[in-house]
Amino acid sequence: MSKKNKRSKSQKRNEITKGIFTVLENGEGKSFNYKQIAAKLNITEGNGRNELIKKLVELKEKKRILEEGTGQYKAIPSTKTYHTGRVDITGRGNAYIIVEGLDDDVFIPFNKLKKAFHGDTVDVYIYPRRRGRKLEGEITKVIERKKSTFVGIVDLQKTFAFIRPSDHRMYTDIFVPLDKIGKANDGDKVIVKIVDWPDDRDSPMGEITEVLGKPGEHNTEIHSILAEYGLPYEFPLEVEHFADKLDTSIKEEEIAKRRDMRDVLTFTIDPKDAKDFDDALSFQKLENGNYEIGVHIADVSHYLKTDTILDDEAYERATSVYLVDRVVPMLPEVLSNNACSLRPNEEKYTFSAIFELDDKAILQNQWFGRTVINSNERFAYEEAQYIIESGSGNIPDDVSIRGNSYSVDDEVVSATLTFDRLAKILREKRMKAGAISFDKVEVRFNLNENSEPEGVYFKESKDANKLIEEFMLLANRKVAEFIGKQKPVKTFVYRIHDEPNEEKLMALNGIISRFGHSLNFKSKKEISDSLNKLLEDVKGKKEQNLVDTLAIRSMSKAIYTTDNIGHYGLAFDYYSHFTSPIRRYPDVMVHRLLQHYLDGGNSAKADIYEEKCKHSSNMESLAANAERDSIKYMQIKFMDDHKDQEFVGVITGVTEWGIYVEIIENKCEGMVRIRDIKDDYYTFDEKEYAIVGDKTKKTYQLGDEVVVMVKNTDLMKRHLDFSLLGKA
């Protein structure tokens, strides 16, 4: 026999061996006879079957596989390391698997993805770790798809179409036959649903479910952002009809069941453009000199009944989504802007937390339950701030949101000033207990009638904002405490925040040291105190937004759960969300549970509520991503009109492919690609967070101020490229 024939026969045997292990290991503990294995390996001829039988016997004798009964073979229970995790695909097409309980993520090269997409839940086999190398592995099975619909651009051919997904982490086009295209035209932006991915196909097969419009058009891009995260932008007709038929009138028999607070001074303080007012404060001074302060929250659960299509829709949404130019509400307008909005001079059903505080803001008494109120006034934050700063109730034209100057009663002024004084005491106590003060700069846009950005401004949190914040925190905390401390233990929905990861804090410390700042790691209290000092020290400085962002990223993520561990960032042992049921479903759950326990009910089933908590946390994350994308989109749109302008920016990130620069005056961030810097050949210095020129040794380092111009804007990919003009 020639060497070639020997090699060919040997290769065939090896392929059969490999095939046997593939079939048995993918069999999830099942046993197979030789006919079943042959069918799976497409072995049909007699010689091949004989080789297969020989190999099965040989592997059994070598104890590499098990024979279970006569001629039934199965894999030996594996000692390999298998885990379940979530896929995080990088911009380069490789992936990391995030496995709960593992300190390191598992690297997966592109050719080992096994058709998994970003966010999918998968089984992963981890290779034995080599010294000094990161964890590596391969995906063995996709357990659950995170999503099956994607946004993309139609590339129409004669007999079919490919959809090119907008998400850079989606590494494959989607094949769509002509009869599944609907009304889409070449170049349209669409939503495509994957229906199948046969083993013999390079691309998954799909169908177009919705045409969003032409790429680059404003509504197309905003709807694309929502669609990318699976978020709706309108209510199903049947849900709208159900909501419209609700009886939202105020009835005497219902008032009789509630604590009547219609005669108590009550008002709301909200953003000037708010349409839903879901919280109000009431104030009265008691005969003993203490203050009775009511935190009144729209009683959404009075209208939103379980086991209705309206409740199902609210649960699925789980949160309102706040994009730059619109709000996508959790509840239809009949509730969010009408029945459940605590508008002035209208009787409203509320769920209230009422506190008796002394002059030093020490809690003397508390009460929780359903109420009815009639708000006396509606203020914007700017109007309340004017009262706090001036001590006057004469609101001038330039502050008023009513179109002209006006005056409010001395009683309202006195209540506002007392609220402010007590809130400052509460805040000071919180900070002394170890709370962290994240007052991150929020970017806002002045939009014209066509939703085009005409200017950028920054939302600033002043005393009026902090006043509302403190009393909402008090209500959230005390409601959670009220249930959480009861014996026997009762199931409840908590908002928890774990301690920060020390490695992330050390990394943060390394970066902020370049700006002359440092953290103190001696104790938990020292860490929180030094974090607060850092956040205070950077206010108004070029590095503020960078440091604020990195500090937030170093923190754990706050989530909803029935398993309370406290809230690190607020320094509370018990915390929940009670104060925004119009826009957050967990608050609706809290209202329902609180009333259930006030009525003497037994503990609710924890597993049911834990599942709802996980869903709410996931939807909150998706909404936050969509909100960030809408800001990025609007920033790029704004910069598109300023292409001929020079800007001073701060280097906020350094990578091997480029530097990220954030413009100081408007917080727009873009990238300068290394290949576009022509005065030298630059290399990435990871330790120094810098790029360094080979010849000139010129360095561009994290935190440096540089001058840039817009090179390219891509609204569809939401990407901004700068040209680097030099150091500032």
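The model is predicted, so local features are reported only at pLDDT of at least 70 and side-chain atom pairs only at pLDDT 80 or more, while totals for chains, interfaces and linings use all residues. Residues are numbered from 1 along each chain as its sequence is written, and side-chain values use heavy atoms, with hydrogens and water left out.

Helices (H or I, at least four residues) and strands (E, at least two) are DSSP runs, numbered from the N terminus. Helix α12 covers residues 463-484, which is 22 residues. From its first C-alpha to its last, α12 reaches 31 Å, close to the 32 Å expected at 1.5 Å a residue; the expected span is 1.5 Å times one less than the number of residues. Of the 22 residues of α12, 18 are buried, so the helix is largely enclosed by the rest of the structure. Here, buried means under 20% relative accessible area, exposed over 50%, and partly exposed in between (1.4 Å probe, protein chains only). Helix α4 (residues 218-228) is likewise largely enclosed by the rest of the structure, because ten of its eleven residues are buried. Among them are H218, E221, H223 and E228. The buried residues of α4 pack against several elements, including β8 (149-156), β11 (189-196), β12 (205-213) and α17 (606-640); contact means heavy atoms within 4.5 Å. Just after α4, G230 takes a positive phi of about 70°.

Turning to the sheets, seven strands form an open sheet in the order β13-β20-β19-β16-β15-β14-β21, with mixed pairing. Two strands are taken to pair if DSSP finds at least two bridges between them. The edges are held by β13 (259-260) and β21 (377-380), each with a single partner strand, so one side of each is left without a neighbour in the sheet. Helix α10 (residues 381-390) packs on this sheet and touches β14 (265-270) and β21. The direction of α10 makes about 90° with that of β21; axes are lines fitted to C-alpha atoms, for helices over the stretch in contact, and angles run from 0 to 180 degrees between N-to-C directions. Within the sheet, β15 (residues 279-285) and β16 (residues 291-298) pair in the antiparallel sense over seven bridges. In this pair, L281 stands opposite V295 in β16.

Strand β32 (residues 690-693) joins β33 through three antiparallel bridges, and the bridge partner of A690 in β33 is Q701.

Finally, some loop sites deserve a look at the backbone. Most residues other than glycine have a negative phi, and most peptide bonds are trans. N42 lies in the loop between α2 (34-40) and α3 (46-61) and is exposed, with a relative accessible area of 65%. A571 also has a positive phi, near 60°, and lies in the loop between β27 (559-561) and α16 (585-598). A571 is partly exposed, at a relative accessible area of 26%. A cis peptide bond joins K487 and P488, with omega about -5°; P488 is found in the loop between α12 and β26 (494-496).
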